[in-house]
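Thanks for coming. I will go through one chain, and I will start with a question once it is on the screen.

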Amino acid sequence: MSTDTHAAHADHHHDDGHAHGTFSTYMLGFVLSVVLTAIPFWLVMSGTLPSKQITALVIMAFAVVQIVVHMIYFLHMNTKSENGWSMMALIFTIVMVVIALSGSLWVMHHLNTNMMPIHEMSGMK
């Protein structure tokens with residue numbers, strides 16, 4: 001009877017195909033999130049990059065990296081769990097983020113170009 005109890009107890013600790021986080025992985029994800037938020041904030045506030053376009057591209061790159069960090073450290077997505085479907089979710093998310101970011105920049109650029117003509121901003125009264 002003790003072998004049945006031991007077997008039943010061991011069955012609770014089997015690999016169920018899901019990734020599980022530990023305190024250290026959550027803390028690593030948190031620290032990475034803070035750093036990936038602080039650096040773009042510092043770039044904008046200090047104006048260290050020479051142009052606004054370069055600053056926007058760097059901030060977009062940090063945003064994409066931060067989304068991937070959140071997916072890996074907080075949603076526990078990896079290539080091994082759930083027969084690789086988590087990797088498909090990661091690829092889908094990256095594609096959707098690229099579409100959303102590039103579309104947003106495209107819309108904002110055209111709104112700025114078409115809705116704020118330069119002659120109205122040059123001081124005409």
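Does Phe74 count as buried, partly exposed or exposed, and at what relative accessibility? Phe74 counts as partly exposed, at 27% relative accessibility. The cut-offs are under 20% relative accessible area for buried, over 50% for exposed, and partly exposed in between, with a 1.4 Å probe and protein chains only.

Some housekeeping. This is a predicted model, in which local features need pLDDT of at least 70 and side-chain atom pairs count only at pLDDT 80 or more, while totals for chains, interfaces and linings use all residues. Residues are numbered from 1 along each chain as its sequence is written, and side-chain values use heavy atoms, with hydrogens and water left out.

The overall layout next. Helices (H or I, at least four residues) and strands (E, at least two) are DSSP runs, numbered from the N terminus. Of the 125 residues in the chain, 14% are buried.

Back to Phe74, which sits in the loop between H3 and H4. Gly21 belongs to another loop, the one between helix H1 (2–11) and helix H2 (23–46). Gly21 is partly exposed, with a relative accessible area of 32%. Its C-alpha is also separated by 6.8 Å from that of His76, 55 residues apart along the chain.

Now the largest pocket, which holds about 220 Å³ of space. On a 1 Å grid over the protein atoms alone, a pocket is an open set of points where a 1.4 Å probe fits, with protein on both sides within 12 Å along at least five of seven lines; lining residues have an atom within 4 Å of a point. Grid points are joined across faces, edges and corners, and the volume is the space filled by probe spheres set on them. The lining is Lys52, Gln53, Thr55, Ala56, Leu57, Ile59 and Leu105. Helix H3 (residues 52–73) gives the largest share, six residues.

One of the lining residues, Ile59, has its C-alpha 9.3 Å from that of Thr37, 22 residues apart along the chain. Thr37 lies in helix H2 and is partly exposed, at 45% relative accessible area.

Last, Val95 in helix H4 (residues 85–115). Val95 is partly exposed as well, with a relative accessible area of 44%. That is where I will stop.
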